[in-house]
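Colleague: I would like to learn how to read local features off a model. Please take them one at a time.

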Amino acid sequence: MRKLERYPVKGKRNALRQIYSTVSPWKGVRNFIIIQLARYCPILGLKNWMYRYLLRMEVGADTAFGLMVMVDVFFPERIRIGKNSVIGYNTTILAHEYLIREYRLGDVIIGDEVMVGANCTILPGITIGDGAVVAAGSVVHKDVAAGSFVGGNPLRVLADAVVIKQPDYEEK
């Protein structure tokens with residue numbers, strides 16, 4: 001179940017047309033520029049620095065964002081990603097959704113050592129547990145249990161308790 005805060009809008013205009021009553025247009029422009037730079041940046045450390053210090057996202061050590069990842073433009077500070085996770089190419093992570101008569105906000109929490117495949121969409125209010133794997137092309141519309149392997153649209157469990165065997169060699 002997604003954990004969302006719901007805010008009804010007044011008047012006849014849809015919620016998206018009223019966006020600047022909830023978030024500054026200057027914040028949107030600033031964040032958009034930073035996110036576009038990060039999307040094309042091949043330097044993982046610099047990309048994480050931009051997310052942490054310019055967008056105020058919580059990003060754990062050794063987490064890697066693939067090229068073209070799109071994080072929420074208006075509420076990136078509501079995204080938390082644990083350590084040593086991988087967010088695949090062209091994935092979108094949203095912390096808001098604007099509908100006709102309301103808008104919704106929700107924190108996105110992605111645990112430690114999570115693998116999100118390419119071209120996924122993660123909706124607001126979602127928690128993905130430690131060690132979970134999300135198959136490429138999935139729409140994450142509900143919470144994902146730790147260690148599970150999920151995929152598809154609609155999202156379904158493909159396997160429980162994924163165990164990733166560590167290599168038998170020592171790093172030099």
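Predicted model: local features only at pLDDT ≥ 70, side-chain atom pairs only at ≥ 80, totals over all residues.

Colleague: Is His 96 buried or exposed?

Modeller: Buried means under 20% relative accessible area, exposed means over 50%, and partly exposed is in between (1.4 Å probe, protein chains only). His 96 has 13% relative accessibility, so it counts as buried. His 96 sits in strand S8, residues 96–98. Helices (H or I, at least four residues) and strands (E, at least two) are DSSP runs numbered from the N terminus.

Colleague: Which residues does His 96 touch?

Modeller: A contact means heavy atoms within 4.5 Å. Leaving out residues up to four places away in sequence, His 96 touches Asp 72, Phe 74, Phe 75, Arg 104, Leu 105 and Pro 124.

Colleague: What joins the side chains of His 96 and Asp 72?

Modeller: A polar contact is a pair of N or O atoms within 3.5 Å; within protein, one must be able to donate a hydrogen and the other to accept it, and residues adjacent in sequence count only if both atoms are side-chain atoms. The side chains of His 96 and Asp 72 make one of 2.5 Å. The Asp 72 side chain also reaches the backbone nitrogen of Phe 75, at 2.6 Å. Asp 72 itself lies in the loop between strand S4 (70–71) and strand S5 (79–81).

Colleague: Which side chain of opposite charge is nearest to Asp 72?

Modeller: For charge, Lys and Arg count as positive and Asp and Glu as negative, with His and the chain ends not counted. A salt bridge needs a side-chain nitrogen of Lys or Arg within 4 Å of a carboxyl oxygen of Asp or Glu. For Asp 72, the nearest such side chain is Lys 27, 7.4 Å away; Asp 72 is buried yet has no salt bridge.

Colleague: Now a helix. Which residues of H2 are buried?

Modeller: An α-helix has 3.6 residues a turn, so residues three or four places apart point the same way. In H2 (residues 44–54), the buried residues are Lys 47, Asn 48, Met 50 and Tyr 51. Down the axis of H2 they fall within an arc of 155 degrees, so they line one face of the helix; the arc is that of the directions from the helix axis to the C-beta atoms. Gly 45 and Tyr 53 are exposed on the other side of H2. The cover over the buried residues includes helix H1 (25–40), strand S2 (58–59), strand S3 (64–65) and S4.

Colleague: How many bridges link S16 and S17?

Modeller: Two strands pair if DSSP finds at least two bridges between them. S16 (residues 149–151) and S17 (residues 156–159) pair in the antiparallel sense over three bridges, and Val 150 has Val 157 in S17 as its bridge partner. Four residues lie between the strands of this hairpin, where Gly 152 has a positive phi near 100 degrees. Pro 154 is in the loop between S16 and S17, and the peptide bond joining Asn 153 and Pro 154 is cis, with omega about 10 degrees.

Colleague: What is phi of Asn 119?

Modeller: Asn 119 has phi near 60 degrees, a positive value in a residue other than glycine. Asn 119 is partly exposed, with a relative accessible area of 42%. Glu 113, also not a glycine, has a positive phi of about 55 degrees.

Technical notes. Residues numbered from 1 in each chain as written. Heavy atoms only, no water.
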